[in-house]
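Dear colleague,

I am passing on to you the structure that we talked about, and below it you will find notes on what turned up when I went through it. Please read them with the structure open beside you.

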Amino acid sequence: MEIHAQPQVSSATAGTSADSRPVVLIVDDSKSNLAFLCHILGQEYEVLSAQSGERALEIAVGAPKPDLILLDVVMPGMSGYDVLTGLRNTPETCDIPVIFTTGLDSTVDEEKGLELGAVDYITKPYRAPIVLARVRSQIELKQSRDRLSSQNNYLEGELAKRLQEAQQAQSRLLQSEKLAAVGQLSAGIVHEINTPVGFVTSNLTTLASYWQDILKLLDAYETLEALAMADAAALNRIRSIKQECDIAFLRDDTAKLIAESQDGLARVTAIVRDLKNFSRAEDIDNRQWTDLHSGLDATVNIVWSEIKYHCTLRKDYGELPKIYCNPSQINQVVLNLIVNAAQAIPDKGEITIRTGQTDSKAFIAIADTGTGIPAETLPRLFEPFFTTKPVGKGTGLGLSIAYGIMQRHQGSIEVSSIQDKGTTFTLWLPLKPADAGTMP
Ligand SMILES: Nc1ncnc2c1ncn2[C@@H]1O[C@H](COP(=O)(O)OP(=O)(O)OP(=O)(O)O)[C@@H](O)[C@H]1O
Ligand SMILES: [Mg+2]
């Protein structure tokens, strides 16, 4: 039979006591001992009791969890040592302090009890002041330990949070330092390259028209050649010059060289245009309240003819108010993302454009069913000049430009990707940027 002193074991939720007083579990096979201890401890503590070791172990893992156990050493069946070993081997109970209780004339081995992890001893017959003093001091110790450990947990949590924040801040700083460095560098490069590119482009256009004139003249010579049949010497001279310079090849190849140079220059011009975005990092002018959906439609139209043969497009537009942004810059970001998505689809696949809003932000998500991005590559995506495309195919500027543009808009760009399944880039823009005027 077991005795429960007042107040009774509560049916509180696991691990807590409805009574906020510390909980003491008394284990003794003697009913009178139990009654005495319950009586003196019940004034200050919530008291639980067990008359056997087995029952003590059951109560110890239940709720409320004891803050201290008074454990009789000599009991029929399970001894106090066995109970203590059981408590120490159970994760939920291994940290509950245990005071052994034993008769003065008992031959029990106190050292063994302390070795097993008991924190103190009380000898019988019990004297109320001694029992109370010993129990109080252990309960106070336990409460201090609990406070320390919860403060410790809190501090560890705070430390981990701060560390993560610091790491995020550092990587943001690194990214903006890189952008700033590329900005400075590109301002110089753009200036240096623009002038020669300008005159070579214009020279090539002039050269192409000169070449047409030369061809006309050549045609006239060839007519003359037919007429000069009679003058054998003159004819032979013209024929040998023609053979020497392989005029048929020159006709063909010169035009090709000019076209190829013009194409190369167009590519350089495109890179210079991209680089300009870095050198104009503060250029956030021309922002206006914009209908993002019509910008999206216009951007899709621009690339559609190039990608329609291997991509289907799904539009899943939500409700969006007008957003305060620079529409051509946002369109440029969307264009880069759609082109990347199409380039990531090797055969046939789908691109989905989804829009919507949360309380304070609008989003545009561009998802593809392409190759996906390996986890080790994800952290490098927004680095200037990072590309996995072959030389001449990609400059690796698309995403870093997008990152810069979104930052200047007080927004952000996020990526999630599953390899061999696809990738989603999400653009976030504030519904009400701090420096926006009121919506018209
Ligand atoms: N949707 C996507 N799916 C898979 N990989 C992608 C996707 N978008 C970007 N990437 C990867 O990110 C890299 C960087 O993209 P980014 O747009 O910055 O440069 P790029 O496309 O290589 O060249 P650029 O855009 O300058 O022509 C790409 O080379 C590619 O490896
Ligand atoms: Mg790209």
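Around ligand 1 there are 19 residues, and those that come nearest are Asn340, Thr387, Thr388, Lys389 and Thr395. Please keep in mind while reading that this is a predicted model, and that the distances below are computed from it. By kind, the residues of this shell divide into eight nonpolar, nine polar and two charged, and helix 9 (327-343), helix 10 (398-408) and strand 12 (422-430) each supply at least two of the shell residues.

Three polar contacts of the ligand deserve a look. In the side chain of Lys389, an N or O atom is 2.6 Å from an oxygen atom of ligand 1, while a polar side-chain atom of Asp368 lies 2.8 Å from a nitrogen atom of the ligand. Gly396 takes part through its backbone, where a polar atom is 3.0 Å from an oxygen atom of ligand 1. Taken on its own, ligand 1 has 600 Å² of accessible area, of which the protein covers 90%.

Moving to another part of the chain, helix 2 (residues 53-61) has Gly53, Ala56, Ile59 and Ala60 as its buried residues. Seen down the axis of helix 2, these buried residues fall within an arc of 120°, and they therefore line one face of the helix. The cover over them includes strand 1 (23-27), strand 2 (46-50), strand 3 (68-72) and helix 3 (80-88).

In the loop between strand 2 and helix 2 you will find Gln51. Is Gln51 buried or exposed? Its relative accessibility is 17%, and because buried means under 20%, Gln51 counts as buried. A polar atom of the Gln51 side chain lies 3.1 Å from the backbone oxygen of Asp29. Gln51 and Pro76 are 25 residues apart along the chain, and their C-alpha atoms are separated by 9.9 Å.

Definitions and conventions:
Residues are numbered from 1 along each chain as its sequence is written. Chains are lettered from A and ligands numbered from 1 in the order in which they are written. This is a predicted model: local features need pLDDT of at least 70, side-chain atom pairs count only at pLDDT 80 or more; totals for chains, interfaces and linings use all residues. Side-chain values use heavy atoms; hydrogens and water are left out. Buried means under 20% relative accessible area, exposed over 50%, partly exposed in between (1.4 Å probe, protein chains only). Helices (H or I, at least four residues) and strands (E, at least two) are DSSP runs, numbered from the N terminus. The arc is that of the directions from the helix axis to the C-beta atoms. Contact means heavy atoms within 4.5 Å. A residue is near a molecule or strand if one of its heavy atoms lies within 4 Å of it. A polar contact is a pair of N or O atoms within 3.5 Å; within protein, one must be able to donate a hydrogen and the other to accept it, and residues adjacent in sequence count only if both atoms are side-chain atoms. Accessible areas come from the Shrake-Rupley method with a 1.4 Å probe; for residues, only the protein chains shown count as cover. Ala, Val, Leu, Ile, Met, Phe, Trp, Tyr, Cys and Pro count as nonpolar, Asp, Glu, Lys and Arg as charged, and the others, Gly among them, as polar.
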